[in-house]
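Subject: Handing over a structure, with notes

Dear colleague,

I am passing this structure on to you, and the notes below it set out what was found. Please keep it open beside them as you read.

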Amino acid sequence: MSGYGGRGTREKTCCGSCCTVLISLGFVVLIYWAIFQPHQIRAAVDYAELSNLAVSNASSPAAAVTYHVAVNLSLYNPSKRVNIYYDTIDAELAFRGAVLSASPAAPASPAEFYQRRKTAQAVRLEFDGKGVAVPADVAPELEREVKAAASLGLELSVKVRVRYVFGSIKIRQKPKVWCELSIPVPPTPGGLGAAAGSGGPCWVKY
């Protein structure tokens, strides 16, 4: 009986030690976090242009769109003491929820970078769609906006892998950036759309 009791005591002591270590580590990380206060990144569209826009077979199941969209996205690190590594940037473009491209025609430029505190970095994203299939319920609406020669409303979604760096501690995060784009439709087929001005703010979700 004494053997069982001794083993039970050792197990309890071991569990207690593990819990103490975990709590201590969590407390240390919390202190670092409170001192350095890393903030969520901010994003905004500085510039966007549209060209080579055309919609074909809008009234049939074989509806498709051709276009070229270039976007300058500004990413800002508002933290006072924390720097950020951007490891990957993946983006897609959509119209009324229908994805027009799975990825940029070219990698984001820059595709990865190191951002110091209180600084902004411009990232260029380019989408080159050629005969991209469009859902039958979305195509007519897209064609109407194109024919109206008004502004085309698009949705930009960006997935980012980042590392917050403070001291020797690195914390990985996967924020998602979502922006609304409103780009004037080119006056003539294949023409260049006007700039979307300073664009609008984007939403960042962690």
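Leaving aside its neighbours within four places in sequence, which residues is Val69 in contact with? Taking contact to mean heavy atoms within 4.5 Å, the partners of Val69 are Glu49, Leu50, Leu93, Leu125, Glu126, Phe127, Leu154 and Ile183.

Before going further, please note that this is a predicted model, in which local features need pLDDT of at least 70 and side-chain atom pairs count only at pLDDT 80 or more, while totals for chains, interfaces and linings use all residues. Residues are numbered from 1 along each chain as its sequence is written, and side-chain values use heavy atoms, with hydrogens and water left out.

Overall layout

The protein has two helices and eleven strands, where helices (H or I, at least four residues) and strands (E, at least two) are DSSP runs numbered from the N terminus. Along the sequence they follow the pattern α-β-β-β-β-β-β-β-α-β-β-β-β. Of the 206 residues, 37% count as buried; here buried means under 20% relative accessible area, exposed over 50%, and partly exposed in between, with a 1.4 Å probe and protein chains only. Among contacts with a separation of 6 or more, 74% come from residues 24 or more positions apart. The accessible surface is about 11600 Å², and 57% of that belongs to carbon and sulfur atoms; such areas come from the Shrake-Rupley method with a 1.4 Å probe, and for residues only the protein chains shown count as cover.

Core and surface

In soluble globular proteins, nonpolar side chains tend to be buried together. A nonpolar core is taken here as a set of buried Ala, Val, Leu, Ile, Met, Phe, Trp, Tyr and Cys residues joined through side-chain atoms within 4.5 Å. The largest such core holds 51 residues, and those touching the most other members are Tyr67, Val69, Leu73, Leu125, Leu154, Leu156 and Val158. Strand β8 (residues 151-166) gives the most to this core, namely eight residues.

Leu25 lies in helix α1 (residues 2-36), and Leu25 counts as exposed because its relative accessibility is 52%.

Aromatic pairs

A pair of aromatic rings is described by the distance of the centres and the angle of the planes. Rings of Phe, Tyr and Trp (its six-membered ring) pair if their centres lie within 6.5 Å, with planes under 30 degrees apart counted as stacked, over 60 as edge-to-face and the rest as tilted. By this rule there are three aromatic pairs. One of them is the stacked pair of Tyr86 and Phe113, at 4.3 Å centre to centre and 20 degrees between the planes. The pair links distant parts of the chain, with Tyr86 in strand β3 (residues 83-95) and Phe113 in strand β6 (residues 113-115), 27 residues apart. Tyr86 is buried at 1% relative accessibility, and Phe113 is buried at 11%.

The ring centres of Trp178 and Trp203 are 5.4 Å apart and their planes are at 45 degrees, so this pair is tilted. Trp178 is in strand β10 and Trp203 in strand β11 (residues 202-205), so the pair ties together parts 25 residues apart in sequence. Trp178 is partly exposed at 33%, and Trp203 is partly exposed at 48%.

Salt bridges

With a salt bridge defined as a side-chain nitrogen of Lys or Arg within 4 Å of a carboxyl oxygen of Asp or Glu, the count comes to six. Glu141 forms one with Arg96, the closest N and O atoms being 2.8 Å apart; Glu141 is in helix α2 (residues 139-147) and Arg96 in the loop between β3 and β4 (98-101), 45 residues apart. Arg96, partly exposed at 40%, also meets Glu145 in a salt bridge (2.4 Å, N to O). Glu145 is buried, with a relative accessible area of 15%. Finally, Asp87, Arg163 and Arg172 are linked in a network of salt bridges.

With best wishes
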